[in-house]
Amino acid sequence: MEGYKKKYYLLLVLTPVIMIVVYNLTISNTIELAGKISDLKHDVSQTSLAPANISILTRQLDYLKTKVGKSSKNSEMESLFTDISEYCKRHNLRLKSFPAAHSVSRSSYLCRTSIITVEGSFKKLLKLIHYFEYKKNKLIRSVSFDLVRDRVSKKDKLQLKIYMQSINYGKD
């Protein structure tokens, strides 16, 4: 019986030691690899969102560049023309004129004023003003509503003149 007891006590003592060795050799590596797999899955899901994040960051960078005054005159005017023409197309307004911007530079500041003429209903024109002032963060200095008689159709049409300014630090 004593041999049986010694084997039993030896088994009780060696079982925790064997469990620790098995854990260190196999199970800990498996747990570590499972953690790495979840991290890699997270990274893969983030890379699938990368194009959208890049476009958002690019738009934010362009916006900040225009606020700081680092964008070029042409890209700023093209962006404004694209924005206003798309808005007019979506809301059935007519873009009557979009002449070149008037620029004045004093000391190290450059002030550009664009005069845009749009034709449409009063409500739609007010929404246009609101859109550019609050959604697009454009600096609208003045607006003017004029009732113009169309000689061809012999009807009165409402026109809106928008005076938008951009003030940039540094001369282009």
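1. A quick definition to start: a nonpolar core here is a set of buried Ala, Val, Leu, Ile, Met, Phe, Trp, Tyr and Cys residues joined through side-chain atoms within 4.5 Å. Buried means under 20% relative accessible area, exposed over 50%, and partly exposed in between (1.4 Å probe, protein chains only).

2. Keep in mind that this is a predicted model: local features need pLDDT of at least 70, side-chain atom pairs count only at pLDDT 80 or more, and totals for chains, interfaces and linings use all residues. Residues are numbered from 1 along each chain as its sequence is written, and side-chain values use heavy atoms, with hydrogens and water left out.

3. On to the largest nonpolar core, which has 16 residues; Ile84, Leu93, Val118, Leu128, Phe132 and Met164 touch the most other members. Two or more residues each come from α3 (73–90), β3, α4 (122–135) and β5 (155–169), with α4 giving the largest share, five residues. Helices (H or I, at least four residues) and strands (E, at least two) are DSSP runs, numbered from the N terminus.

4. Have a look at Leu128. Leaving out residues up to four places away in sequence, Leu128 is in contact (heavy atoms within 4.5 Å) with Ile84, Tyr87, Leu93, Val118, Leu160 and Ile162.

5. Then there's Ser114 in strand β3 (residues 109–119). Ser114 is buried, at 5% relative accessible area. With residues up to four places away in sequence not counted, Ser114 touches Met77, Leu80, Ala101, Ile162, Tyr163 and Met164.

6. Last, Glu76 sits in helix α3. Glu76 counts as buried because its relative accessibility is 14%. Its C-alpha atom is 9.5 Å from that of Asp62, 14 residues apart along the chain.
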